[in-house]
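Work through the exercises below with the sequence and the model open. Each task is followed by a solution in steps.

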Amino acid sequence: MTCLVDIQTISVSLAAIGFLVASIYYTLTLRNQNRTRQAQLFMQIYGVFRTEEFQDNITGIMSWKWNDYDDFLEKYGPNTNPNAWRALGSIAGYFEGIGLMVNKKLIDISLVENLMSTHIIYFWEKISPLSIELRRDFNRPQIDVWKEYLYNEIKKREAKSKKSAK
């Protein structure tokens, strides 16, 4: 009878070990799939970033000059310069989407920071006064919140990296 108990104990123990090994394998597989999906998503995003159209649009926007919100609308607004307005909307929407994806942890901010931080910082610093006015004009405080979030997160990481370099 003791032999039967030993065989049952061994059998239950082996089943438990098998379950544990399968659980660990499954967890590692899911983690690897998630990282792969993030990398694929980021490469799609980066592909758009590297297009000639995107680069032309952001370069053009960075060269714009205006004195105040009304001057901006007069030079680049939807009624006076629809091409400029569309270019701004395209770049703004692109960075807004990235900010949301970073916030929801769909893409790793370190990827965005390493390859796009300069563009994000310069773009937000250029258009943030407009965003504030648009929020006020349309009574929509959520306008550009994800761009602002992305900018702030990148600036925090930049400051932390400068501290650790000292």
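**Exercise 1: Trp-66**

Trp-66 sits in the loop that joins helix 2 to helix 3; helices (H or I, at least four residues) and strands (E, at least two) are DSSP runs, numbered from the N terminus. The model is a predicted one, in which local features need pLDDT of at least 70 and side-chain atom pairs count only at pLDDT 80 or more, while totals for chains, interfaces and linings use all residues. Residues are numbered from 1 along each chain as its sequence is written, and side-chain values use heavy atoms, with hydrogens and water left out.

Task: Decide whether Trp-66 is buried or exposed, and list its contacts beyond four places in sequence.

Solution. 
- Step 1. Apply the cut-offs: buried is under 20% relative accessible area, exposed is over 50%, and partly exposed is in between (1.4 Å probe, protein chains only).
- Step 2. The relative accessible area of Trp-66 is 18%, so Trp-66 is buried.
- Step 3. Contact means heavy atoms within 4.5 Å. Neighbours within four places aside, Trp-66 is in contact with Asp-71, Phe-72, Lys-75, Tyr-76, Lys-126 and Leu-130.
- Step 4. For Tyr-76, 10 residues away in sequence, the C-alpha to C-alpha distance from Trp-66 is 9.1 Å.

**Exercise 2: Ile-109**

Task: Find the element that holds Ile-109, and state which residues it touches beyond four places in sequence.

Solution. 
- Step 1. Ile-109 belongs to helix 5.
- Step 2. With a relative accessible area of 12%, Ile-109 is buried.
- Step 3. Leaving out residues up to four places away, Ile-109 touches Val-102, Glu-153, Ile-154 and Arg-157.
- Step 4. Ile-109 and Glu-153 are 44 residues apart along the chain, and their C-alpha atoms are separated by 8.3 Å.

**Exercise 3: positive phi**

Task: Locate Lys-105 and Asn-139, and give the phi of Lys-105 and of Asn-139.

Solution. 
- Step 1. Recall the background: most residues other than glycine have a negative phi.
- Step 2. Lys-105 is in the loop between helix 4 and helix 5, and its phi is positive, near 60°.
- Step 3. Asn-139 is in the loop between helix 5 and helix 6, with a positive phi of about 50°.
- Step 4. Lys-105 is exposed at 64% relative accessible area. Asn-139 also counts as exposed, with 64% relative accessibility.

**Exercise 4: the core**

Task: Name the residues that touch the most other members of the largest nonpolar core, and say which helix gives the largest share.

Solution. 
- Step 1. A nonpolar core is a set of buried Ala, Val, Leu, Ile, Met, Phe, Trp, Tyr and Cys residues joined through side-chain atoms within 4.5 Å.
- Step 2. The largest such core has 34 residues, and those touching the most other members are Trp-64, Tyr-94, Phe-95, Ile-98, Val-112, Met-116 and Phe-123.
- Step 3. At least two residues of this core come from each of helix 1 (2-49), helix 2 (52-63), helix 3 (69-76), helix 4 (82-103), helix 5 (109-138) and helix 6 (145-165).
- Step 4. Helix 5 gives the largest share, 10 residues.
- Step 5. Beyond four places in sequence, Tyr-94 touches Ile-45, Tyr-46, Val-48, Phe-49, Phe-54 and Met-116.

**Exercise 5: the whole chain**

Solution. 
- Step 1. The protein has 6 helices and 0 strands.
- Step 2. Along the principal axes, the C-alpha atoms fill a box of roughly 95 × 40 × 35 Å.
- Step 3. Of the 166 residues, 31% are buried.
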